[in-house]
2 protein chains.
Amino acid sequence: MSDLSAVKALVFDVFGTVVDWRTSLITDFMWWGKGRGISADWTALVDGWRAVYSASMDEVRKNPQNGYVMLDDLHRRSLEKLVAQFAIKGLTEADLDHLTKGWHRLNPWPDSVAGLTRLKTKFVISPLSNGNVALLTNMAKFAGLPWDLIMSAELFEHYKPDPETYLGAARLLSLKPEQVMMVAAHNYDLKAAQSYGLKTAFVARPTEYGPLQKIDFEATGDWDIVAKDFGGVADKLGC
Amino acid sequence: MSDLSAVKALVFDVFGTVVDWRTSLITDFMWWGKGRGISADWTALVDGWRAVYSASMDEVRKNPQNGYVMLDDLHRRSLEKLVAQFAIKGLTEADLDHLTKGWHRLNPWPDSVAGLTRLKTKFVISPLSNGNVALLTNMAKFAGLPWDLIMSAELFEHYKPDPETYLGAARLLSLKPEQVMMVAAHNYDLKAAQSYGLKTAFVARPTEYGPLQKIDFEATGDWDIVAKDFGGVADKLGC
(Lines give C-alpha, C1' and ligand atoms only; values in the text may rest on other atoms or scores of the structure.)
Protein backbone atom coordinates (compact mmCIF):
# COMPACT_ATOMS: atom_id res chain seq x y z
CA MET A 1 0.00 0.00 0.00
CA SER A 2 1.40 3.36 -1.00
CA ASP A 3 1.63 6.34 1.36
CA LEU A 4 -1.91 7.49 1.99
CA SER A 5 -1.18 9.83 4.89
CA ALA A 6 -1.98 12.91 2.76
CA VAL A 7 -5.51 11.71 1.89
CA LYS A 8 -8.17 14.04 3.32
CA ALA A 9 -11.25 13.15 1.29
CA LEU A 10 -12.81 10.03 -0.20
CA VAL A 11 -15.04 10.36 -3.25
CA PHE A 12 -17.25 7.48 -4.25
CA ASP A 13 -18.70 6.12 -7.40
CA VAL A 14 -22.34 5.45 -6.49
CA PHE A 15 -24.23 3.22 -8.96
CA GLY A 16 -22.91 -0.26 -8.25
CA THR A 17 -20.29 0.85 -5.74
CA VAL A 18 -22.52 2.25 -2.97
CA VAL A 19 -25.96 1.09 -4.08
CA ASP A 20 -27.32 -2.09 -5.69
CA TRP A 21 -29.20 -0.36 -8.52
CA ARG A 22 -30.20 -3.57 -10.33
CA THR A 23 -31.92 -5.46 -7.51
CA SER A 24 -33.41 -2.20 -6.19
CA LEU A 25 -34.99 -1.20 -9.49
CA ILE A 26 -36.24 -4.65 -10.43
CA THR A 27 -37.87 -5.12 -7.02
CA ASP A 28 -39.31 -1.60 -6.96
CA PHE A 29 -40.79 -1.91 -10.45
CA MET A 30 -42.20 -5.42 -9.92
CA TRP A 31 -44.14 -4.34 -6.84
CA TRP A 32 -45.16 -1.07 -8.43
CA GLY A 33 -46.29 -2.85 -11.63
CA LYS A 34 -48.44 -5.26 -9.63
CA GLY A 35 -50.15 -2.42 -7.80
CA ARG A 36 -50.52 -0.30 -10.90
CA GLY A 37 -51.67 -3.20 -13.11
CA ILE A 38 -48.83 -2.76 -15.61
CA SER A 39 -47.31 -5.94 -16.93
CA ALA A 40 -43.75 -6.02 -18.24
CA ASP A 41 -40.47 -7.90 -18.07
CA TRP A 42 -39.03 -5.47 -15.53
CA THR A 43 -35.70 -7.29 -15.33
CA ALA A 44 -35.21 -6.91 -19.07
CA LEU A 45 -36.24 -3.26 -18.87
CA VAL A 46 -33.75 -2.51 -16.10
CA ASP A 47 -30.92 -4.37 -17.82
CA GLY A 48 -31.75 -2.69 -21.12
CA TRP A 49 -31.82 0.69 -19.43
CA ARG A 50 -28.38 0.28 -17.93
CA ALA A 51 -27.05 -1.13 -21.21
CA VAL A 52 -27.66 2.21 -22.96
CA TYR A 53 -26.30 4.33 -20.06
CA SER A 54 -22.81 4.75 -21.42
CA ALA A 55 -23.99 5.58 -24.95
CA SER A 56 -26.42 8.18 -23.59
CA MET A 57 -23.54 10.05 -21.92
CA ASP A 58 -21.45 9.75 -25.08
CA GLU A 59 -24.21 11.63 -26.90
CA VAL A 60 -23.77 14.53 -24.47
CA ARG A 61 -19.99 14.46 -24.98
CA LYS A 62 -20.33 14.43 -28.76
CA ASN A 63 -22.82 17.29 -28.86
CA PRO A 64 -21.46 20.05 -26.63
CA GLN A 65 -23.44 22.58 -28.67
CA ASN A 66 -26.59 21.18 -27.05
CA GLY A 67 -25.29 21.87 -23.55
CA TYR A 68 -25.02 19.51 -20.65
CA VAL A 69 -27.96 17.14 -20.10
CA MET A 70 -28.35 15.76 -16.58
CA LEU A 71 -28.73 12.05 -15.91
CA ASP A 72 -32.43 12.20 -14.94
CA ASP A 73 -33.13 13.55 -18.42
CA LEU A 74 -30.93 10.94 -20.13
CA HIS A 75 -32.67 8.22 -18.13
CA ARG A 76 -36.05 9.54 -19.19
CA ARG A 77 -35.13 9.65 -22.88
CA SER A 78 -33.76 6.12 -22.78
CA LEU A 79 -36.82 4.88 -20.89
CA GLU A 80 -39.18 6.21 -23.53
CA LYS A 81 -37.31 4.32 -26.24
CA LEU A 82 -37.28 1.11 -24.19
CA VAL A 83 -40.97 1.34 -23.36
CA ALA A 84 -41.70 1.51 -27.10
CA GLN A 85 -39.22 -1.25 -27.88
CA PHE A 86 -40.63 -3.58 -25.20
CA ALA A 87 -44.19 -2.53 -26.09
CA ILE A 88 -45.09 -1.76 -22.46
CA LYS A 89 -48.62 -0.41 -22.52
CA GLY A 90 -50.62 1.96 -20.34
CA LEU A 91 -47.86 4.15 -18.89
CA THR A 92 -48.90 7.73 -18.18
CA GLU A 93 -46.62 10.76 -17.91
CA ALA A 94 -46.69 10.36 -14.12
CA ASP A 95 -45.74 6.68 -14.47
CA LEU A 96 -42.75 7.52 -16.66
CA ASP A 97 -41.67 10.09 -14.08
CA HIS A 98 -42.08 7.56 -11.27
CA LEU A 99 -39.98 4.96 -13.09
CA THR A 100 -37.28 7.50 -13.94
CA LYS A 101 -37.16 8.55 -10.30
CA GLY A 102 -36.62 4.89 -9.43
CA TRP A 103 -32.93 5.80 -9.74
CA HIS A 104 -33.42 8.08 -6.71
CA ARG A 105 -34.71 5.12 -4.64
CA LEU A 106 -31.83 2.67 -4.60
CA ASN A 107 -30.80 0.51 -1.67
CA PRO A 108 -27.23 0.45 -0.39
CA TRP A 109 -25.13 -2.70 -0.30
CA PRO A 110 -25.23 -4.20 3.21
CA ASP A 111 -21.83 -2.75 4.20
CA SER A 112 -22.23 0.71 2.66
CA VAL A 113 -23.82 2.77 5.44
CA ALA A 114 -21.73 1.29 8.25
CA GLY A 115 -18.54 1.68 6.21
CA LEU A 116 -19.28 5.27 5.20
CA THR A 117 -20.12 6.14 8.81
CA ARG A 118 -16.71 4.87 9.92
CA LEU A 119 -14.88 6.63 7.08
CA LYS A 120 -16.70 9.92 7.81
CA THR A 121 -15.07 10.12 11.25
CA LYS A 122 -11.66 10.70 9.65
CA PHE A 123 -12.32 11.89 6.08
CA VAL A 124 -14.59 14.14 4.09
CA ILE A 125 -16.85 11.72 2.18
CA SER A 126 -18.76 12.58 -0.96
CA PRO A 127 -20.22 10.89 -3.97
CA LEU A 128 -18.51 11.65 -7.28
CA SER A 129 -21.18 10.23 -9.51
CA ASN A 130 -22.72 10.74 -12.91
CA GLY A 131 -26.08 11.01 -11.14
CA ASN A 132 -27.37 14.57 -10.92
CA VAL A 133 -27.42 16.52 -7.67
CA ALA A 134 -31.13 16.04 -6.96
CA LEU A 135 -30.89 12.31 -7.68
CA LEU A 136 -27.93 11.87 -5.32
CA THR A 137 -29.53 14.04 -2.64
CA ASN A 138 -32.81 12.15 -2.73
CA MET A 139 -30.98 8.83 -2.78
CA ALA A 140 -28.94 9.79 0.27
CA LYS A 141 -32.10 10.56 2.23
CA PHE A 142 -33.79 7.36 0.98
CA ALA A 143 -30.83 5.10 1.71
CA GLY A 144 -29.40 6.90 4.76
CA LEU A 145 -26.05 7.66 3.14
CA PRO A 146 -24.18 10.05 5.49
CA TRP A 147 -22.37 12.19 2.88
CA ASP A 148 -20.63 15.37 3.96
CA LEU A 149 -21.49 16.97 0.63
CA ILE A 150 -22.83 15.95 -2.77
CA MET A 151 -20.52 16.14 -5.78
CA SER A 152 -21.97 15.24 -9.12
CA ALA A 153 -20.92 15.30 -12.76
CA GLU A 154 -23.66 17.94 -13.06
CA LEU A 155 -21.52 20.44 -11.12
CA PHE A 156 -18.78 20.13 -13.72
CA GLU A 157 -21.05 19.65 -16.74
CA HIS A 158 -18.96 16.66 -17.68
CA TYR A 159 -19.55 12.95 -17.16
CA LYS A 160 -16.97 10.59 -15.74
CA PRO A 161 -14.42 9.55 -16.88
CA ASP A 162 -13.81 13.08 -18.24
CA PRO A 163 -10.95 14.77 -16.33
CA GLU A 164 -13.13 17.75 -15.33
CA THR A 165 -14.96 15.52 -12.85
CA TYR A 166 -11.99 14.18 -10.88
CA LEU A 167 -10.03 17.42 -10.99
CA GLY A 168 -13.17 19.45 -10.31
CA ALA A 169 -13.85 17.45 -7.16
CA ALA A 170 -10.34 18.12 -5.85
CA ARG A 171 -10.69 21.81 -6.69
CA LEU A 172 -14.05 22.19 -4.90
CA LEU A 173 -12.53 20.55 -1.83
CA SER A 174 -9.50 22.89 -2.05
CA LEU A 175 -7.30 19.78 -2.11
CA LYS A 176 -4.58 18.49 -4.39
CA PRO A 177 -5.55 15.44 -6.45
CA GLU A 178 -3.29 13.20 -4.35
CA GLN A 179 -5.21 14.26 -1.23
CA VAL A 180 -8.37 12.73 -2.70
CA MET A 181 -9.07 9.01 -3.01
CA MET A 182 -11.59 7.64 -5.50
CA VAL A 183 -13.48 4.57 -4.30
CA ALA A 184 -15.15 2.49 -7.00
CA ALA A 185 -16.21 -0.99 -8.03
CA HIS A 186 -15.21 -0.23 -11.61
CA ASN A 187 -11.65 -0.44 -12.81
CA TYR A 188 -12.17 2.08 -15.65
CA ASP A 189 -13.21 4.76 -13.13
CA LEU A 190 -10.12 4.17 -10.98
CA LYS A 191 -7.87 4.12 -14.03
CA ALA A 192 -9.09 7.58 -14.99
CA ALA A 193 -8.90 8.90 -11.41
CA GLN A 194 -5.36 7.57 -11.04
CA SER A 195 -4.27 9.12 -14.33
CA TYR A 196 -5.33 12.55 -12.98
CA GLY A 197 -3.41 12.06 -9.75
CA LEU A 198 -6.05 10.80 -7.33
CA LYS A 199 -5.47 7.88 -4.99
CA THR A 200 -7.63 4.80 -5.62
CA ALA A 201 -9.56 2.13 -3.74
CA PHE A 202 -11.28 -0.84 -5.39
CA VAL A 203 -14.18 -2.71 -3.82
CA ALA A 204 -15.51 -5.64 -5.85
CA ARG A 205 -19.28 -5.80 -6.33
CA PRO A 206 -19.50 -9.09 -8.24
CA THR A 207 -23.31 -9.23 -8.29
CA GLU A 208 -23.88 -5.68 -9.55
CA TYR A 209 -25.01 -6.82 -13.01
CA GLY A 210 -26.49 -10.12 -11.84
CA PRO A 211 -26.01 -12.91 -14.38
CA LEU A 212 -24.90 -10.32 -16.95
CA GLN A 213 -21.74 -9.31 -15.08
CA LYS A 214 -18.68 -9.80 -17.27
CA ILE A 215 -16.01 -7.53 -15.76
CA ASP A 216 -14.84 -5.97 -12.50
CA PHE A 217 -14.81 -9.21 -10.53
CA GLU A 218 -11.41 -8.14 -9.35
CA ALA A 219 -8.89 -5.31 -9.41
CA THR A 220 -7.13 -5.06 -12.76
CA GLY A 221 -4.92 -2.05 -11.94
CA ASP A 222 -2.36 -1.06 -9.37
CA TRP A 223 -4.81 0.53 -6.94
CA ASP A 224 -3.74 1.91 -3.56
CA ILE A 225 -6.34 -0.15 -1.72
CA VAL A 226 -8.20 -3.31 -2.70
CA ALA A 227 -10.83 -4.38 -0.18
CA LYS A 228 -13.83 -6.68 -0.13
CA ASP A 229 -16.20 -4.01 1.16
CA PHE A 230 -16.31 -0.51 2.69
CA GLY A 231 -15.47 -1.92 6.11
CA GLY A 232 -12.26 -3.23 4.57
CA VAL A 233 -11.45 0.22 3.18
CA ALA A 234 -12.03 1.68 6.67
CA ASP A 235 -9.75 -0.97 8.19
CA LYS A 236 -6.95 -0.15 5.77
CA LEU A 237 -7.33 3.59 6.41
CA GLY A 238 -7.27 3.17 10.18
CA CYS A 239 -10.87 4.32 10.83
CA MET B 1 -48.50 32.43 6.91
CA SER B 2 -48.78 31.75 3.20
CA ASP B 3 -49.20 28.27 1.74
CA LEU B 4 -45.94 26.46 2.30
CA SER B 5 -47.16 22.96 1.42
CA ALA B 6 -45.10 22.91 -1.78
CA VAL B 7 -41.80 23.58 0.01
CA LYS B 8 -39.39 20.64 -0.33
CA ALA B 9 -36.04 22.18 0.54
CA LEU B 10 -34.70 24.77 2.97
CA VAL B 11 -31.53 26.67 2.09
CA PHE B 12 -29.72 28.60 4.78
CA ASP B 13 -27.57 31.63 4.97
CA VAL B 14 -24.68 30.54 7.19
CA PHE B 15 -22.52 33.39 8.56
CA GLY B 16 -24.65 34.91 11.28
CA THR B 17 -27.71 32.77 10.61
CA VAL B 18 -26.34 29.31 11.47
CA VAL B 19 -23.04 30.17 13.12
CA ASP B 20 -21.85 32.93 15.45
CA TRP B 21 -18.81 33.98 13.41
CA ARG B 22 -17.90 36.97 15.59
CA THR B 23 -17.66 35.30 19.00
CA SER B 24 -16.10 32.21 17.44
CA LEU B 25 -13.33 34.08 15.65
CA ILE B 26 -12.52 36.45 18.52
CA THR B 27 -12.29 33.57 20.99
CA ASP B 28 -10.31 31.36 18.61
CA PHE B 29 -7.80 34.11 17.81
CA MET B 30 -7.38 35.26 21.42
CA TRP B 31 -6.44 31.78 22.59
CA TRP B 32 -4.32 31.15 19.54
CA GLY B 33 -2.55 34.52 19.94
CA LYS B 34 -1.71 33.73 23.59
CA GLY B 35 -0.22 30.38 22.67
CA ARG B 36 1.61 31.74 19.64
CA GLY B 37 2.86 34.87 21.42
CA ILE B 38 1.20 37.25 18.97
CA SER B 39 -0.38 40.33 20.46
CA ALA B 40 -3.22 42.15 18.71
CA ASP B 41 -6.67 43.64 19.19
CA TRP B 42 -8.38 40.54 17.85
CA THR B 43 -11.85 41.99 18.28
CA ALA B 44 -10.94 44.97 16.12
CA LEU B 45 -9.35 42.65 13.55
CA VAL B 46 -12.46 40.46 13.32
CA ASP B 47 -14.82 43.44 13.11
CA GLY B 48 -12.60 45.08 10.52
CA TRP B 49 -12.44 41.87 8.52
CA ARG B 50 -16.19 41.53 8.36
CA ALA B 51 -16.57 45.23 7.58
CA VAL B 52 -14.77 44.77 4.24
CA TYR B 53 -16.60 41.52 3.34
CA SER B 54 -19.25 43.10 1.17
CA ALA B 55 -16.80 45.33 -0.70
CA SER B 56 -14.53 42.35 -1.38
CA MET B 57 -17.38 40.55 -3.16
CA ASP B 58 -18.27 43.70 -5.07
CA GLU B 59 -14.74 43.66 -6.48
CA VAL B 60 -15.43 40.21 -7.92
CA ARG B 61 -18.74 41.40 -9.39
CA LYS B 62 -17.12 44.46 -10.97
CA ASN B 63 -14.24 42.53 -12.50
CA PRO B 64 -15.72 39.49 -14.22
CA GLN B 65 -12.71 39.43 -16.55
CA ASN B 66 -10.65 38.24 -13.58
CA GLY B 67 -12.90 35.25 -13.03
CA TYR B 68 -14.61 34.17 -9.85
CA VAL B 69 -12.56 34.39 -6.65
CA MET B 70 -13.68 32.16 -3.78
CA LEU B 71 -14.28 33.52 -0.31
CA ASP B 72 -11.19 31.92 1.28
CA ASP B 73 -9.09 33.93 -1.15
CA LEU B 74 -11.03 37.15 -0.54
CA HIS B 75 -10.65 36.61 3.21
CA ARG B 76 -6.92 36.12 2.81
CA ARG B 77 -6.47 39.28 0.72
CA SER B 78 -8.46 41.35 3.22
CA LEU B 79 -6.54 39.85 6.14
CA GLU B 80 -3.19 40.86 4.67
CA LYS B 81 -4.34 44.46 4.35
CA LEU B 82 -5.71 44.50 7.90
CA VAL B 83 -2.57 42.97 9.38
CA ALA B 84 -0.57 45.80 7.79
CA GLN B 85 -3.12 48.41 8.86
CA PHE B 86 -3.20 47.19 12.46
CA ALA B 87 0.58 46.65 12.42
CA ILE B 88 0.31 43.09 13.75
CA LYS B 89 3.84 41.72 13.84
CA GLY B 90 5.37 38.27 13.57
CA LEU B 91 2.77 36.44 11.46
CA THR B 92 4.18 33.75 9.20
CA GLU B 93 2.59 32.34 6.04
CA ALA B 94 1.28 29.43 8.12
CA ASP B 95 -0.21 31.87 10.64
CA LEU B 96 -2.03 33.81 7.94
CA ASP B 97 -3.41 30.52 6.61
CA HIS B 98 -4.48 29.49 10.10
CA LEU B 99 -6.30 32.78 10.69
CA THR B 100 -7.99 32.65 7.28
CA LYS B 101 -9.15 29.11 8.03
CA GLY B 102 -10.67 30.47 11.25
CA TRP B 103 -13.76 30.95 9.07
CA HIS B 104 -13.89 27.14 8.75
CA ARG B 105 -14.01 26.76 12.55
CA LEU B 106 -17.15 28.61 13.59
CA ASN B 107 -19.53 27.55 16.34
CA PRO B 108 -23.26 27.21 15.75
CA TRP B 109 -25.83 29.24 17.66
CA PRO B 110 -27.24 27.13 20.52
CA ASP B 111 -30.43 26.22 18.59
CA SER B 112 -28.84 25.55 15.19
CA VAL B 113 -27.94 21.85 15.30
CA ALA B 114 -31.12 20.73 17.05
CA GLY B 115 -33.27 22.84 14.72
CA LEU B 116 -31.54 21.60 11.57
CA THR B 117 -31.84 18.00 12.77
CA ARG B 118 -35.62 18.43 13.13
CA LEU B 119 -35.96 20.19 9.77
CA LYS B 120 -33.91 17.48 8.03
CA THR B 121 -36.56 14.86 8.85
CA LYS B 122 -39.01 16.53 6.47
CA PHE B 123 -36.96 18.70 4.11
CA VAL B 124 -33.74 18.70 2.14
CA ILE B 125 -31.48 21.12 4.04
CA SER B 126 -28.47 22.88 2.57
CA PRO B 127 -26.41 25.97 3.12
CA LEU B 128 -26.71 28.62 0.41
CA SER B 129 -23.77 30.70 1.49
CA ASN B 130 -21.08 32.91 0.06
CA GLY B 131 -18.57 30.66 1.80
CA ASN B 132 -16.76 28.33 -0.59
CA VAL B 133 -17.45 24.60 -0.72
CA ALA B 134 -14.38 23.55 1.29
CA LEU B 135 -15.08 26.20 3.94
CA LEU B 136 -18.69 25.06 4.35
CA THR B 137 -17.72 21.38 4.32
CA ASN B 138 -15.04 21.83 6.97
CA MET B 139 -17.36 24.00 9.06
CA ALA B 140 -20.10 21.37 8.93
CA LYS B 141 -17.72 18.74 10.27
CA PHE B 142 -16.36 21.12 12.92
CA ALA B 143 -19.78 22.32 14.10
CA GLY B 144 -21.79 19.12 13.51
CA LEU B 145 -24.15 20.70 10.98
CA PRO B 146 -26.19 17.86 9.44
CA TRP B 147 -26.55 19.23 5.87
CA ASP B 148 -27.90 16.96 3.14
CA LEU B 149 -25.65 18.69 0.61
CA ILE B 150 -23.45 21.78 0.38
CA MET B 151 -24.51 24.60 -1.93
CA SER B 152 -22.19 27.56 -2.19
CA ALA B 153 -21.91 30.72 -4.24
CA GLU B 154 -18.78 29.02 -5.60
CA LEU B 155 -20.92 26.51 -7.53
CA PHE B 156 -22.59 29.35 -9.39
CA GLU B 157 -19.56 31.65 -9.58
CA HIS B 158 -21.74 34.43 -8.26
CA TYR B 159 -22.11 35.85 -4.77
CA LYS B 160 -25.43 36.47 -3.07
CA PRO B 161 -27.56 38.46 -3.61
CA ASP B 162 -26.98 37.79 -7.33
CA PRO B 163 -29.94 35.89 -8.84
CA GLU B 164 -27.70 33.06 -10.10
CA THR B 165 -27.30 31.84 -6.52
CA TYR B 166 -30.98 31.52 -5.54
CA LEU B 167 -32.10 30.26 -8.93
CA GLY B 168 -29.06 28.01 -9.22
CA ALA B 169 -29.91 26.34 -5.92
CA ALA B 170 -33.45 25.59 -7.09
CA ARG B 171 -32.12 24.24 -10.39
CA LEU B 172 -29.57 21.92 -8.73
CA LEU B 173 -32.34 20.55 -6.52
CA SER B 174 -34.61 20.09 -9.59
CA LEU B 175 -37.19 22.23 -7.81
CA LYS B 176 -39.16 25.33 -8.71
CA PRO B 177 -38.15 28.47 -6.80
CA GLU B 178 -41.40 28.37 -4.79
CA GLN B 179 -40.50 24.85 -3.60
CA VAL B 180 -37.38 26.26 -1.91
CA MET B 181 -37.37 28.35 1.26
CA MET B 182 -34.46 30.65 2.11
CA VAL B 183 -33.73 30.93 5.84
CA ALA B 184 -31.68 33.93 6.91
CA ALA B 185 -31.03 36.43 9.69
CA HIS B 186 -30.56 39.18 7.10
CA ASN B 187 -33.47 40.97 5.50
CA TYR B 188 -31.51 41.86 2.32
CA ASP B 189 -30.91 38.17 1.62
CA LEU B 190 -34.59 37.29 2.01
CA LYS B 191 -35.62 40.27 -0.10
CA ALA B 192 -33.49 38.98 -2.98
CA ALA B 193 -34.66 35.38 -2.50
CA GLN B 194 -38.30 36.47 -2.47
CA SER B 195 -37.86 38.56 -5.59
CA TYR B 196 -36.69 35.43 -7.44
CA GLY B 197 -39.66 33.40 -6.25
CA LEU B 198 -38.30 31.55 -3.21
CA LYS B 199 -40.21 31.31 0.05
CA THR B 200 -38.62 33.04 3.04
CA ALA B 201 -38.02 32.56 6.76
CA PHE B 202 -36.44 35.15 9.04
CA VAL B 203 -34.67 34.29 12.30
CA ALA B 204 -33.32 37.26 14.25
CA ARG B 205 -29.71 37.02 15.47
CA PRO B 206 -29.51 40.29 17.39
CA THR B 207 -26.02 39.65 18.79
CA GLU B 208 -24.38 38.71 15.49
CA TYR B 209 -22.37 41.93 15.26
CA GLY B 210 -22.06 42.44 19.03
CA PRO B 211 -22.17 46.12 20.01
CA LEU B 212 -21.79 47.05 16.33
CA GLN B 213 -25.13 45.60 15.26
CA LYS B 214 -27.30 48.26 13.61
CA ILE B 215 -29.83 46.35 11.50
CA ASP B 216 -31.71 43.05 11.29
CA PHE B 217 -33.04 43.15 14.84
CA GLU B 218 -36.38 42.29 13.33
CA ALA B 219 -38.11 41.32 10.11
CA THR B 220 -38.53 44.27 7.77
CA GLY B 221 -40.26 42.44 4.92
CA ASP B 222 -43.30 40.27 4.37
CA TRP B 223 -41.58 36.97 5.01
CA ASP B 224 -43.46 33.65 5.02
CA ILE B 225 -42.10 32.72 8.44
CA VAL B 226 -40.67 34.85 11.24
CA ALA B 227 -39.32 32.85 14.17
CA LYS B 228 -37.04 33.45 17.11
CA ASP B 229 -34.80 30.48 16.31
CA PHE B 230 -34.53 27.33 14.17
CA GLY B 231 -36.76 25.44 16.59
CA GLY B 232 -39.43 28.04 15.87
CA VAL B 233 -39.03 27.49 12.11
CA ALA B 234 -39.40 23.73 12.69
CA ASP B 235 -42.54 24.33 14.77
CA LYS B 236 -44.11 26.43 12.04
CA LEU B 237 -43.26 23.84 9.37
CA GLY B 238 -44.71 20.97 11.40
CA CYS B 239 -41.41 19.14 11.97
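The questions and answers below go through the contact between the chains, the cores and some local backbone features of a predicted model.

Local features need pLDDT of at least 70 and side-chain atom pairs count only at pLDDT 80 or more, while totals for chains, interfaces and linings use all residues. Residues are numbered from 1 along each chain as its sequence is written, chains are lettered from A and ligands numbered from 1 in the order in which they are written, and side-chain values use heavy atoms, with hydrogens and water left out.

User: What area is buried between chain A and chain B, and what share of that area do carbon and sulfur atoms give?
Analyst: Buried area is the accessible area (1.4 Å probe) that two parts lose on being put together, summed over both. The contact, meaning heavy atoms within 4.5 Å, takes 18 residues from chain A and 18 residues from chain B. The buried area is about 1,500 Å², and the share from carbon and sulfur atoms is 60%.

User: Which residues of chain A lose the most area to chain B?
Analyst: Three residues together account for 31% of what the chain A side buries. They are Lys141(A), Asp148(A) and Leu172(A).

User: Which residue of chain B meets the side chain of Asp148(A) in a salt bridge?
Analyst: A salt bridge is a side-chain nitrogen of Lys or Arg within 4 Å of a carboxyl oxygen of Asp or Glu. The rule finds two salt bridges across the interface of chain A and chain B. In one of them, the N to O distance is 2.6 Å and the partner of Asp148(A) is Lys141(B).

User: How many residue pairs are in polar contact across the interface of chain A and chain B?
Analyst: A polar contact is a pair of N or O atoms within 3.5 Å; within protein, one must be able to donate a hydrogen and the other to accept it, and residues adjacent in sequence count only if both atoms are side-chain atoms. With both residues at pLDDT 80 or more, the number of pairs found across this interface is eight.

User: Which helix of chain A gives the most to the side that touches chain B?
Analyst: Helices (H or I, at least four residues) and strands (E, at least two) are DSSP runs, numbered from the N terminus. Helix 7 (133–143) and helix 8 (153–156) of chain A each supply at least two residues of that side. The one that gives the most, with four residues, is helix 7.

User: Which residues have the most contacts inside the largest nonpolar core?
Analyst: A nonpolar core is a set of buried Ala, Val, Leu, Ile, Met, Phe, Trp, Tyr and Cys residues joined through side-chain atoms within 4.5 Å. Buried means under 20% relative accessible area, exposed over 50%, and partly exposed in between (1.4 Å probe, protein chains only). The largest core has 83 residues, and helix 7 of chain A gives the most to this core, with six residues. Those with the most contacts inside the core are Leu10(A), Phe12(A), Phe15(A) and Trp147(A).

User: Which residue of chain B does Trp147(A) touch?
Analyst: Residues up to four places away in sequence are not counted here. Within chain A, the residues touched include Phe12(A), Leu116(A), Ile125(A) and Ala140(A). From chain B, the residue touched is Trp147(B).

User: Why is helix 7 of chain B largely enclosed by the rest of the structure, and how many of its residues are buried?
Analyst: Among the buried residues of helix 7 of chain B are Val133(B), Leu136(B), Met139(B) and Ala143(B). The helix is largely enclosed because, of its eleven residues, the number buried is eight.

User: Where in chain A is Pro161(A), and what is the omega of the peptide bond from Lys160(A)?
Analyst: Most peptide bonds are trans. Pro161(A) sits in the loop between helix 8 and helix 9 (163–172) of chain A. The bond from Lys160(A) to Pro161(A) is cis, and its omega is near 5°.

User: Is Asp216(A) buried or exposed?
Analyst: Asp216(A) lies in the loop between strand 5 (199–203) and strand 6 (225–227) of chain A. Asp216(A) has a positive phi of about 65° although it is not a glycine. Its relative accessibility is 12%, so Asp216(A) counts as buried.

User: Is Asp222(A) buried or exposed?
Analyst: Asp222(A) is in the loop between strand 5 and strand 6 of chain A. Leaving aside neighbours within four places in sequence, Asp222(A) is in contact with Gln194(A) and Thr200(A). With a relative accessible area of 66%, Asp222(A) is exposed.

User: Which residue has its backbone oxygen 2.6 Å from a polar atom of the side chain of Thr165(B)?
Analyst: Thr165(B) is in helix 9 of chain B and is buried, with a relative accessible area of 1%. The backbone oxygen at 2.6 Å belongs to Asp162(B).
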